[in-house]
Amino acid sequence: MEDQRPSPEWPSRIYLMGFMGSGKSKLGAKLARRLNYEFRDLDTLITEREGRPVTAIFAEHGEAFFRKAEAEMLHATDAFHQTIIALGGGTPCFGQNMDWISRNGWTVYLRIPVATLLGRLRKRKDSRPLLSALNDDEMLEYIKRTLEQRRPFYERAHVILDAENLSPEETEEALWESLNSGRHQADPRLN
Ligand code: S3P
């Protein structure tokens with residue numbers, strides 16, 4: 001994909017959704033550079049606001065506190081323009097978040113199969129409070145069960161990318177084509 005200028009028809013905010021380990025942050029940062037958009041990561045914004053990492057927020061205040069902070073930070077992203085925002089894996093699946101996201105941006109679901117997620121997350125579970133205490137078998141069960149619960153939210157995305165077998169370049173290309181196909185323009189609120 002060549003260096004691209006953002007088109008005035010493109011949506012102001014692009015929200016990347018997907019399970020932990022689906023590659024939202026990596027793809028988001030890369031795509032933003034190519035599209036001349038800003039990049040923000042919701043977990044990083046929460047960490048900055050709370051002054052401590054997500055693991056510490058879960059440990060000190062529990063998940064309910066984190067979900068409240070997450071929803072508040074999500075709503076604050078309406079101040080961003082020409083920005084790609086990587087959401088946390090659970091963000092679309094709590095409260096009314098998915099309705100809000102759909103109204104305020106263009107949404108992309110990076111769909112990755114359970115076995116691949118397990119392979120990736122086994123190596124990176126320490127920074128993820130929902131996984132850090134689980135052994136491999138428990139993690140497999142957790143991913144299967146949670147993905148099943150979250151699927152109906154993720155699948156409301158404007159675009160679903162089966163990203164597993166795509167290189168980062170191919171994933172970018174697929175997103176670029178979706179943007180250019182004008183599919184987001186079906187919802188005029190997104191511009
Ligand atoms: C979570 C995913 C994490 C982070 C928190 C909870 C989830 O983000 O928000 O640990 O519920 O799936 P990543 O998807 O960036 O790991």
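This is a predicted model: local features need pLDDT of at least 70, side-chain atom pairs count only at pLDDT 80 or more; totals for chains, interfaces and linings use all residues.
View 1. Gly89 takes part through its backbone instead, with a polar backbone atom placed 2.8 Å from an oxygen atom of the ligand. The ligand would expose 390 Å² if it were taken alone, and the protein buries 94% of that area.

View 2. The ligand is surrounded by 13 residues.

**View 3. Helix H2 against helix H4.** Helix H2, which covers residues 42-50, and helix H4, which covers residues 63-76, have axes that come within 10 Å and cross at roughly 105°. Angles from 65 to 115 degrees count as roughly perpendicular, and H2 and H4 are therefore roughly perpendicular to each other. On the H2 side the contact is formed by Leu42, Asp43, Leu45, Ile46, Arg49 and Glu50, which meet Phe65, Phe66, Ala69, Glu70, Glu72, Met73 and Leu74 in H4. Sorted by class, this contact has eight nonpolar and five charged residues, with no polar ones.

**View 4. Helix H3 against helix H4.** Helix H3, made up of residues 54-61, packs with H4 at an angle of about 130°, and the axes of the two helices are 7 Å apart. H3 and H4 are therefore described as oblique to each other. The residues Val54, Ile57, Phe58 and His61 in H3 meet Glu63, Phe65, Phe66 and Arg67 in H4, and by class the contact has five nonpolar residues, one polar residue and two charged residues.

**View 5. Helix H4 against helix H5.** The axes of H4 and helix H5, the latter running over residues 97-104, come within 11 Å and cross at roughly 10°. Angles under 35 degrees count as roughly parallel, and H4 and H5 are therefore roughly parallel to each other. Ala71, Leu74 and His75 in H4 meet Asn97, Trp100 and Ile101 in H5, and this contact has four nonpolar and two polar residues but no charged ones.

Notes
Residues are numbered from 1 along each chain as its sequence is written. Side-chain values use heavy atoms; hydrogens and water are left out. Axes are lines fitted to C-alpha atoms, for helices over the stretch in contact, and angles run from 0 to 180 degrees between N-to-C directions. Helices (H or I, at least four residues) and strands (E, at least two) are DSSP runs, numbered from the N terminus. Angles under 35 degrees count as roughly parallel, over 145 as roughly antiparallel, 65 to 115 as roughly perpendicular and the rest as oblique. Contact means heavy atoms within 4.5 Å. Ala, Val, Leu, Ile, Met, Phe, Trp, Tyr, Cys and Pro count as nonpolar, Asp, Glu, Lys and Arg as charged, and the others, Gly among them, as polar. A residue is near a molecule or strand if one of its heavy atoms lies within 4 Å of it. A polar contact is a pair of N or O atoms within 3.5 Å; within protein, one must be able to donate a hydrogen and the other to accept it, and residues adjacent in sequence count only if both atoms are side-chain atoms. Accessible areas come from the Shrake-Rupley method with a 1.4 Å probe; for residues, only the protein chains shown count as cover.
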